[in-house]
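Take a walk through this model with the structure open beside you.

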Amino acid sequence: MASTSFIDRRLGVFLALLAVVTVGVPLANTALSPESGLHVPTYMLSLIGKYLCYALLAVALDLVWGYCGILSLGHGAFFALGGYAMGMHLMRQIGSRGAYGNPVLPDFMVFLGYEKLPWFWHGFDMFWFACLMVLLAPGLLAFVFGWFAFRSRVTGVYLSIITQAMTYALLLAFFRNEMGFGGNNGLTDFKDVLGFSLSSDGTRVTLFVLSALALGGGLLVGRWITMTKFGKVLVGVRDAESRTRFLGYRVEQFKLFVFTVSAMMAGVAGALYVPQVGIINPGEFSPANSIEIVIWVALGGRGTLVGAALGALIVVAAKSWLTSAFPDAWLYALGLMFILVTIFLPQGVLGLIEKLGRGRREQPEPEAVEAEA
Amino acid sequence: MRILLTLTVWFGLLLASAASAQSLEDLARQLPEGSFNDRAEVVAKIGATGDDRAVGLLNALGEGELRVREADGAVIQVKGRGSKAVGYDPLTGDELGPVGSGSTESIRVNNSLRRAVRAAIGLLTLSSPDAGKRLAAANTAFAAPDPEQIEALDTAIAKEGDAAVRTAMEQARAAAVLASDAPGAEKVAAIGIVARRGGTDALTVLNPYRGDADAPVAEAADKAIAGIERAQQLWNVGQNVWFGLSLGSVLLLAAVGLAITFGVMGVINMAHGELIMIGAYTTYVTQQVIRTSFPGLFDWSLLIAAPLAFLVAGAIGVAIERFIVRFLYGRALETLLATWGVSLILQQLVRTFFGPSNREVGNPSWMSGAFPLGGLSITWNRFYIVIFAVAIFVGLLLLLKRTLFGLQMRAVTQNRPMASEMGIRTARVDALTFGLGAGIAGLAGVALSQIDNVSPNLGQSYIIDSFLVVVFGGAGNLWGTFAAAFTLGVANKFMEPFVGAVLAKILILVFIILFIQKRPRGLFPTRGRAVEG
Amino acid sequence: MICNLKHFGLGAAAAASLWAGSALAQEETIKVGVLHSLSGTMAISETTLKDAVLMMIDEQNKKGGVLGKKLEPVVVDPASDWPLFAEKARELVASDNVSVVFGCWTSVSRKSVLPVFEELNSILFYPVQYEGQESQRNVFYTGAAPNQQAIPAVDYLMNEEGVERWVLAGTDYVYPRTTNQILEAYLKMKGVAPEDIMINYTPFGHSDWQTIVSDIKAFGSAGKKTAVVSTINGDANVPFYKELANQGVSAEDIPVVAFSVGEEELAGLDTAPLVGHLAAWNYFMSVDTPENDEFIEKWHAFIKNDDRVTNDPMEATYIGFNMWVKAVEAAGTTETDAVLDNMIGVAVPNLTGGISSMGANHHITKPVLIGEIQDDGQIETVWETPGLVLGDEWSDYLPESKDLISDWRAPMSCGNFNVATGKCGGTAAN
Amino acid sequence: MSDEVRGLKGTQLYLNDVHRSFDGYKAINGLSMVITEGELRAVVGPNGAGKTTMLDIITGKTRPDQGRVIWAEHTDLTKLDEASTARLGIGRKFQKPTVFETHTVEDNLMLSLAGDRGVKASLLFRIAKAQKARIDELLELVRLTSARHRLAGSLSHGQKQWLEIGMLLAQEPKLLLVDEPAAGMTDAETMRTAELLRDIAGKRSVVVIEHDMDFVRALDCKVTVLHRGAVLAEGSLDHVSANQEVIEVYLGR
């Protein structure tokens with residue numbers, strides 16, 4: 001264990017595949033003719049780009065849940081906040097091309113009778129400011145929330161449920177039109193980013209590559225964090241929180257740090273997601289969405305980072321496919337998949353893959369995750 | 001004697017309207033013609049005839065059963081639909097035989113016409129032998145004051161034997177006096193009588209006289225209104241408490257099953273909401289069977305549905321435990337994943353079998369309407385739901401504290417190995433405990449079907465609140481769940497008038513988040529074994 | 001592990017090529033996309049519309065299809081998940097190569113797919129009443145705009161019932177917000193005092209209506225005739241009406257006129273205590289015309305259940321579908337631009353005995369019906385506009401939109417033309 | 001600081017009239033005790049005597065309702081949490097061996113080594129040569145050298161006990177609180193543990209809570225008998241076992 005390299009087999013294989021996809025998919029999209037059997041249509045490219053954002057979100061959750069035992073049922077909130085920060089910038093970029101032609105106010109503000117831009121919308125016309133907010137808005141929320149919760153030693157399901165309450169409260173708040181975020185409709189009708197049209201293939205490819213890079217980056221950051229002594233303390237907190245305290249570690253600080261980093265990671269995922277799907281609305285705050293993130297991680301293999309990403313890709317791809325192939329029955333398939341994986345694959349899909357791959361070569365059990373969060 | 005009196009009154013009325021006398025038959029023929037306002041006048045005239053047969057005619061009109069026969073333009077009453085439609089003479093009640101579809105045209109009724117019908121019927125039933133009908137007539141007259149009715153009311157008051165009905169009639173008369181051009185002093189006196197009635201109805205009558213040209217009348221009205229409003233403010237507090245208790249009972253119902261499966265057993269049961277939904281659908285199916293086969297039992301439908309819902313949801317609960325959850329003990333968080341899968345499947349199953357749209361679950365007559373309690377109007381369905389919730393809670397407590405099963409259940413959850421040593425079949429107890437929690441969720445579904453949508457989404461709208469209630473109360477503590485449900489319900493309802501429904505809910509959530517910081521194990525933390533997810 | 005991941009990768013690639021391949025499939029059929037939620041919160045309303053489209057396709061194929069080709073439905077489930085609507089729309093158009101899409105219910109789902117239809121230049125028929133304030137080249141709005149529902153309903157209450165005091169109650173989202181804004185401006189213009197208007201918003205799926213109903217009762221006790229104009233969204237209506245009935249608010253005292261409650265919503269309710277409450281639509285199942293009888297009969301045969309009701313969005317789907325068929329036949333192709341050119345002016349019979357036609361603003365002409373709820377769950381017409389009314393996409397009662405019009409005919413071809421400045425608002429600034 | 005404490009030179013830990021009750025049950029009821037620097041002390045008492053609660057109070061896990069706990073003559077421990085008391089130099093071994101089961105034995109010790117416990121330091125931590133040497137030394141001491149790369153979860157119960165003691169020592173504490181270290185050990189292991197604790201004492205103060213009288217005898221130190229949250233008797237093992245009250249408490253019922 002001590003000799004484990006920074007990029008282990010698991011991560012290496014995944015990153016290599018990610019690299020292939022990052023280069024291959026845009027190439028297959030732009031270089032190959034549509035008649036070619038390997039051509040990837042642009043809509044597939046955007047779809048995969050969206051999946052990659054979800055994968056990054058799953059990695060963010062795995063960092064806190066898999067390694068530190070914090071089961072957040074509110075990670076969708078951080079994702080959505082990152083998305084909203086980016087959405088607000090894209091909204092400001094529309095300028096006078098909106099339906100009402102108002103150069104400053106987004107359409108929804110015009111018809112809700114706003115006289116001027118609310119204060120919290122200022123600054124979002126600048127790209128760098130929006131990027132900063134993509135990190136700061138979720139980061140700050142996570143910091144404040146975590147500062148209270150971890151200091152008060154709220155743990156286990158109690159913590160899970162209040163994170164759920166947090167995202168639920170935000171859902172209700174963002175639904176309110178008085179909040180100035182477009183209510184239920186959220187933010188839509190984006191035109192371009194940094195002058196590049198969002199519907200052009202070039203921008204699509206760029207966003208795709210950025211998402212892939214962000215996922216790779218997220219995995220590397222996660223890997224780095226979990227490889228350090230800090231990461232080992234996190235696992236210690238997960239397995240025996242009181243022992244960690246009695247060794248003199250201030251558990252709340254460790255939790256707070258990783259929770260905040262994870263929230264920022266989720267924010268980045270949200271920010272990349274929004275221009276690719278073209279809409280951000282309060283639905284992203286819904287508790288069911290956050291539960292789904294947990295399911296990706298559990299299904300892929302908790303506490304492995306790569307497994308989380310894999311789980312997200314499997315579930316969302318399955319959902320995309322099933323909702324078209326079996327529009328009336330896909331929920332049966334998805335539900336059954338969750339049940340079977342839970343019962344028969346406690347280590348998740350990644351656990352299964354590695355078990356199969358190990359086959360003849362006997363190898364020590366990698367960081368088994370048996371303990372309760 | 002009474003009949004004689006009644007006849008005299010009607011005769012008197014008949015004479016009074018003799019000036020513009022038109023036969024009832026003539027008037028009935030005019031019903032389909034003209035604008036709604038014209039027809040409302042016709043209705044008023046029909047009421048004024050005092051004719052015995054007018055009540056039936058007007059009722060048929062109000063019910064929308066009057067139709068015009070296209071062949072001869074005659075007004076007939078049609079009962080039943082489609083091929084079962086049968087025509088009657090609206091005045092005599094004689095059967096006219098089946099009515100072919102398309103051979104008649106309906107006589108449209110709208111609210112203003114319906115109001116006129118109600119007023120006319122009220123006038124006609126002021127001397128009905130049934131005290132309840134007379135009271136209703138008096139209340140109708142009060143709500144729609146009409147100076148023309150003063151005379152009729154006077155006559156009715158004179159011979160009224162029932163004190164309560166007479167008071168109502170006097171109040172109606174006062175309201176009518178207010179609307180008339182009676183002298184100021186008489187109106188001031190009338191205001192006094194109306195004010196004594198209190199409540200929203202009186203306010204409705206009095207409010208228009210606030211700025212009356214006649215200064216004493218305006219002053220009296222102001223004073224009376226201020227008095228009523230003061231009284232109402234007090235009652236408002238009571239009303240908020242009641243609304244809060246009622247909301248609390250809904251939360252309690254939704255959460256108490258979860259308090260078992262999640263609080264006691266530690267299973268993060270995301271399918272809990274769907275078990276509630278199953279209970280509601282069981283109620284629906286029960287009512288369907290009753291409607292088609294035993295219509296007379298409809299008022300008993302909920303009582304029949306309750307044990308069925310308990311059994312159906314309980315059986316599904318046992319199945320979930322046996323086939324899924326039992327493999328996951330010790331992996332509490334993973335139960336979330338599996339039960340989420342179960343919840344998706346249950347939702348889709350219901351959608352497949354019952355369709356995605358709402359199903360109608362009727363209120364039995366004893367759960368419809370409201371009764372007054374002081375200045376409050378308490379709706380029967382909410383009232384019974386509060387009782388039902390508390391009864392389930394008490395029953396559950398007794399089951400846990402007083403029965404062998406309860407003892408075994410507590411033994412197993414507190415110390416499984418030792419319970420097993422002592423010969424308790426822990427697997428069986430686990431299954432039954434989960435089944436109990438699920439069955440109670442089913443019972444909750446029966447109650448919630450009375451106030452909410454019965455649709456595949458029913459469960460989704462309660463699951464989050466349920467978890468919040470259990471956690472806020474302290475997982476593993478039934479009393480905690482009880483206190484939490486009512487605390488949150490009342491707090492919500494007290495905030496709602498000030499900040500609106502949405503903000504109230506947000507504030508409640510923020511409050512729960514902050515409260516958990518203060519007491520990380522909920523309102524009533526369980527010492528020793530609790531959910532340690 | 002490599003092996004397995006490779007499989008996954010290969011699988012994805014294979015699926016991709018399969019999807020891409022289907023684009024090249026021989027053009028024997030004309031594909032029609034159906035984009036309605038079959039699961040999640042909106043399944044309750046949208047599943048019926050999916051079935052309605054399938055029925056229409058079935059009927060058309062019995063008549064020999066369109067342009068000699070059979071129609072082939074492509075059904076997907078966007079699962080009441082708004083971003084998924086955009087994804088599915090893109091899939092339908094880009095990979096399934098559908099010629100037209102019938103779909104969406106909520107405003108947000110429409111907003112979510114708009115850019116997709118614009119970018120890929122395809123056609124969407126949107127069959128639900130909505131808030132207006134929009135007109136897009138690729139979208140045809142066959143549901144009611146506020147002037148085809150809200151304003152006539154208010155006029156009716158004012159004139160026929162003498163209502164002087166108004167409660168505008170809605171779910172907190174864009175349709176009620178906009179409608180109420182229009183109504184507020186309209187009522188004030190009609191001389192209603194601000195204190196005689198009460199506006200209340202509740203969250204989606206609100207189920208505890210005790211406080212609000214008692215507030216309405218209190219508001220209605222001012223001695224003036226009071227009515228509630230409800231833009232409460234689908235799910236929340238059942239508990240709302242149950243509470244109204246139980247608290248004894250009858251239609252004769254305080255009528256409620258709803259814009260989102262139709263036969264389908266009432267099917268989940270015992271309507272006996274609700275008799276007389278109103279609904280404003282462009283179609284009721286109870287409408288007595290041969291077209292409607294035939295439609296209902298076909299619907300019952302198709303869905304194999306005689307208890308199923310029909311409703312306004314189904315009629316809007318019916319009109320939209322027939323308009324599309326007619327336009328395609330006129331154009332002789334399903335090519336988007338050609339169909340768009342032939343859509344404006346297309347006229348087809350609606351189910352209420354009139355002929356609806358497509359306006360230059362991509363909205364249609366419809367009659368406005370005011371109906372009262374009956375004890376059998378039906379809504380009986382009590383009043384209707386003498387003629388048909390064209391949907392007004394940009395409300396004349398809002399200061400922001402009163403100068404805007406849309407006309408998709410050449411040479412204007414603009415969805416938000418500003419008559420004050422004489423410029424097309426959407427592109428003028430560039 | 002009060003006068004009484006100032007007088008006590010060389011005191012490592014001083015509990016004065018400490019009370020703590022849970023839901024009306026008085027777990028600690030007027031407990032007073034002094035542990036001097038380098039002292040080895042055994043604390044015995046029947047179940048429910050308040051032994052574990054006493055450790056909870058010393059380490060800051062539980063706040064006393066009243067009374068004082070003074071560390072090294074001037075620090076009031078009642079205001080501090082577990083991490084702070086650990087940083088002051090109090091190491092605690094739990095009744096049930098608590099190690100990081102999914103970490104290797106080596107990592108368990110590495111995490112316990114004295115040093116900066118901050119977030120930043122942990123992120124940038126690189127193990128130094130001296131620290132490696134210290135780990136080797138501790139592994140030798142607790143006889144786990146051969147199990148170095150094994151996951152702690154796979155160790156036997158007794159090995160876990162020792163690993164935990166090793167982790168305690170890695171912290172370089174001034175005071176060790178050891179809760180029933182001999183539980184689950186063979187007789188030979190038990191004797192070796194006693195020997196180890198005797199060795200540690202002198203350099204550090206050690207408080208051992210134990211049921212096993214043989215083990216207490218092997219420790220050969222001053223014994224405190226707790227009963228109902230207070231000190232019943234104190235002195236050598238022979239002295240206290242002759243005490244009539246102690247006999248009653250242990251044998252009387």
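Helices (H or I, at least four residues) and strands (E, at least two) are DSSP runs, numbered from the N terminus. With that in hand, go to chain D. D:Arg134 and D:Glu137 both sit in helix 6 (residues 129–141) of chain D. They are three residues apart, about one turn of the helix. The two form a salt bridge, with the closest N and O atoms 2.9 Å apart. A salt bridge here is a side-chain nitrogen of Lys or Arg within 4 Å of a carboxyl oxygen of Asp or Glu.

This is a predicted model: local features need pLDDT of at least 70, side-chain atom pairs count only at pLDDT 80 or more, and totals for chains, interfaces and linings use all residues. Residues are numbered from 1 along each chain as its sequence is written, chains are lettered from A and ligands numbered from 1 in the order in which they are written, and side-chain values use heavy atoms, with hydrogens and water left out.

D:Arg134 has 18% relative accessibility, so it counts as buried. D:Glu137 has a relative accessible area of 48%, so this residue is partly exposed.

Stay in chain D for another pair. D:Lys79 and D:Asp76 meet through their side chains in a salt bridge of 3.6 Å, N to O. D:Lys79 is exposed because its relative accessible area is 64%. D:Asp76 is partly exposed because its relative accessibility is 23%.

Now move to chain A. A:Lys255 and A:Glu241 form a salt bridge, their closest N and O atoms 3.2 Å apart. This pair links distant parts of the chain: A:Lys255 lies in helix 10 (residues 251–277) of chain A and A:Glu241 in helix 9 (residues 241–246) of chain A, 14 residues apart. Both A:Lys255 and A:Glu241 are buried.

Next comes a network. Salt bridges link B:Arg382, B:Lys493, B:Glu496, C:Asp208 and C:Glu243. Over all chains, the count comes to 64 salt bridges.

How confident is the model in chain C? pLDDT is the predictor's confidence in each residue, from 0 to 100. Chain C averages 87, and 93% of the residues score at least 70. Among its elements, strand 4 (residues 124–126) of chain C has the highest mean pLDDT, 97. Helix 1 (residues 2–22) of chain C has the lowest, 42. Over residues 1–25 of chain C, pLDDT stays under 50.

Conventions:
Contact means heavy atoms within 4.5 Å. Buried means under 20% relative accessible area, exposed over 50%, partly exposed in between (1.4 Å probe, protein chains only).
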